[in-house]
Amino acid sequence: EARLVESGGDLVQAGGSLRLSCTISGFTFDDYAIGWFRQAPGKEREGVSCISTVHRTTYYADSVKGRFTVSSDYKNTVYLQMNSLKPEDTAVYYCAAGSCTPGPEGDYWGQGTQVTVSS
């Protein structure tokens, strides 16, 4: 059974940094790319970033390009390093296993982790 668990969400001031982790089990990075999504209250879910270790590709939404970096330990964890955070980055962040062609699409989802950026 595919399982993803996010961690690292927190309350941070604008301009600060956070690193989210997504730990997988029940499948490998050879099977799926990993995507990061976020959803703020009253807004549609947004695909933020993704990484395919098989194809060695990454993707970033324009809203986070230059501030967020996705990486993998090639074992069981994908990270999303978030720098220069803005209040508009406040959302529940989810990781999902799926595809990254070119943007993220998810088939299996984690439970989410809350990121709150105060102004």
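These legends walk through close-up views of a predicted model. Residues are numbered from 1 along each chain as its sequence is written, and side-chain values use heavy atoms, with hydrogens and water left out. Because the model is predicted, local features need pLDDT of at least 70 and side-chain atom pairs count only at pLDDT 80 or more, while totals for chains, interfaces and linings use all residues.

**View A. The largest nonpolar core has 28 residues.** A nonpolar core is a set of buried Ala, Val, Leu, Ile, Met, Phe, Trp, Tyr and Cys residues joined through side-chain atoms within 4.5 Å. Buried means under 20% relative accessible area, exposed over 50%, and partly exposed in between (1.4 Å probe, protein chains only). Look for Ile34 and Met82, which have the most contacts inside this core. Among the elements giving two or more residues to the core are strand 4 (33-39), strand 5 (46-52) and strand 9 (91-100). Strands (E, at least two residues) are DSSP runs, numbered from the N terminus.

**View B. Isoleucine 34 and its contacts.** Contact means heavy atoms within 4.5 Å. Leaving aside neighbours within four places in sequence, isoleucine 34 touches residues including Leu4, Phe27, Phe29, Val78 and both Cys22 and Cys95. Isoleucine 34 also stands opposite alanine 97 in strand 9.

**View C. The disulfide of cysteine 22 and cysteine 95.** A disulfide is a covalent bond between the sulfur atoms of two cysteines; here the rule is a pair of cysteine sulfur atoms within 2.5 Å. The sulfur atoms of this pair lie 2.1 Å apart. The link ties together distant parts of the chain, with cysteine 22 in strand 3 and cysteine 95 in strand 9, 73 residues apart. The torsion about the S-S bond is about 75°, so the disulfide is right-handed. Cysteine 22 is buried, at 0% relative accessible area, and cysteine 95 is buried at 0% too.

**View D. The disulfide of cysteine 50 and cysteine 100.** Here the S to S distance is 1.9 Å. Cysteine 50 sits in strand 5 and cysteine 100 in strand 9, 50 residues apart. This link is right-handed, with 70° about the S-S bond, and both cysteines are buried.

**View E. Strand 9 and its partners.** Two strands pair if DSSP finds at least two bridges between them. Strand 9 runs antiparallel to strand 4, with 7 bridges, and to strand 11, with 3 bridges. A hairpin joins strand 9 to strand 10 through 3 residues, and glycine 98 stands opposite glycine 106 in strand 10. How many residues of strand 9 are buried? The count is 7 of its 10 residues.

Methods: Helix = DSSP H or I, 4+ residues; strand = E, 2+ residues; numbered from the N terminus.
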